Amino acid sequence: MKIVHVICAIIRNENGEILLLRRKKTSRYYPASWGFLTGTIEQGEKPEQCAVREAEEEISCRIEIKKTGYGFSYAAEMQGERYCFTIYPMLCKLKNSRPKIKLNNENVGYKWLKPEKIIKLRNVLPLLKTDLQNVGLLK
């Protein structure tokens, strides 16, 4: 079983909307799904450092971490391999109040939605509701 440590940056704007990113169809994990900004934590890197790095790489924006949730794990099987993902969710905001989101090659689209609408979407990453609850945005 492969163990993967992942950050989940839940980026909220001034209107209380959350940034969702659409993964490419060729993504290694959960292709063509909607989800929060995520990234694999590199060796020696803290989750908060990873979130800042991933925001700069994936959306060309600087973020500020407002709240860190508790880490949790879940198992999944994809393409015949078993994984144990440990997720580190954190509530963030963009440092620039009028950001220009510029996607890198990992995502093909983005949108801003209220948490209540996010949990009703289809084709999303697993445990989005858990992530939102973990940082206090849903009960």
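## Burial and overall dimensions

In this predicted model, buried residues account for 45% of the 139 residues in the protein chain. Burial here means a relative accessible area under 20%.

The radius of gyration of the protein chain is 14 Å, and a compact globule with 139 residues would come out near 14 Å, so the two agree. Along the principal axes, the C-alpha atoms occupy a box of roughly 40 × 35 × 35 Å. Among contacts in the protein chain with a separation of 6 or more, 68% are between residues 24 or more positions apart.

## Secondary structure

The protein chain contains 3 helices and 8 strands. Read from the N terminus, the order of the elements is β-β-β-β-α-β-β-β-β-α-α.

## Strand β1 and its partners

Strand β1 spans residues 2-11. Of its 10 residues, 7 are buried, so β1 is largely enclosed by the rest of the structure.

Two pairings of β1 can be described. With β7 (81-94), β1 pairs in the parallel sense over 10 bridges; Ala9 stands opposite Met90 of β7. With β4 (37-40), β1 runs antiparallel and is joined by 4 bridges. In this second pairing, Val6 has Thr40 of β4 as its bridge partner.

## The largest pocket

The volume of the largest pocket is about 540 Å³. Its lining comprises 29 residues, of which Val6, Arg23, Tyr29, Thr38 and Gly39 are the closest to the pocket centre.

The largest share, 4 residues, comes from β4. By class, the lining of this pocket has 15 nonpolar, 7 polar and 7 charged residues.

## The second largest pocket

The second largest pocket has a volume of about 210 Å³. Its lining is formed by Arg12, Asn13, Glu14 and Asn15, by Lys93, Leu94, Asn96, Ser97 and Pro99, and by Trp112. Sorted by class, these lining residues are 3 nonpolar, 4 polar and 3 charged.

Definitions and conventions: Residues are numbered from 1 along each chain as its sequence is written. This is a predicted model: local features need pLDDT of at least 70, side-chain atom pairs count only at pLDDT 80 or more; totals for chains, interfaces and linings use all residues. Side-chain values use heavy atoms; hydrogens and water are left out. On a 1 Å grid over the protein atoms alone, a cavity is a set of points where a 1.4 Å probe fits but cannot get out, and a pocket is an open set with protein on both sides within 12 Å along at least five of seven lines; lining residues have an atom within 4 Å of a point. Grid points are joined across faces, edges and corners, and a volume is the space filled by probe spheres set on the points. Ala, Val, Leu, Ile, Met, Phe, Trp, Tyr, Cys and Pro count as nonpolar, Asp, Glu, Lys and Arg as charged, and the others, Gly among them, as polar. Buried means under 20% relative accessible area, exposed over 50%, partly exposed in between (1.4 Å probe, protein chains only). Two strands pair if DSSP finds at least two bridges between them. The radius of gyration is taken over C-alpha atoms; the globule rule is 2.2 Å times the number of residues to the power 0.38. Contact means heavy atoms within 4.5 Å.
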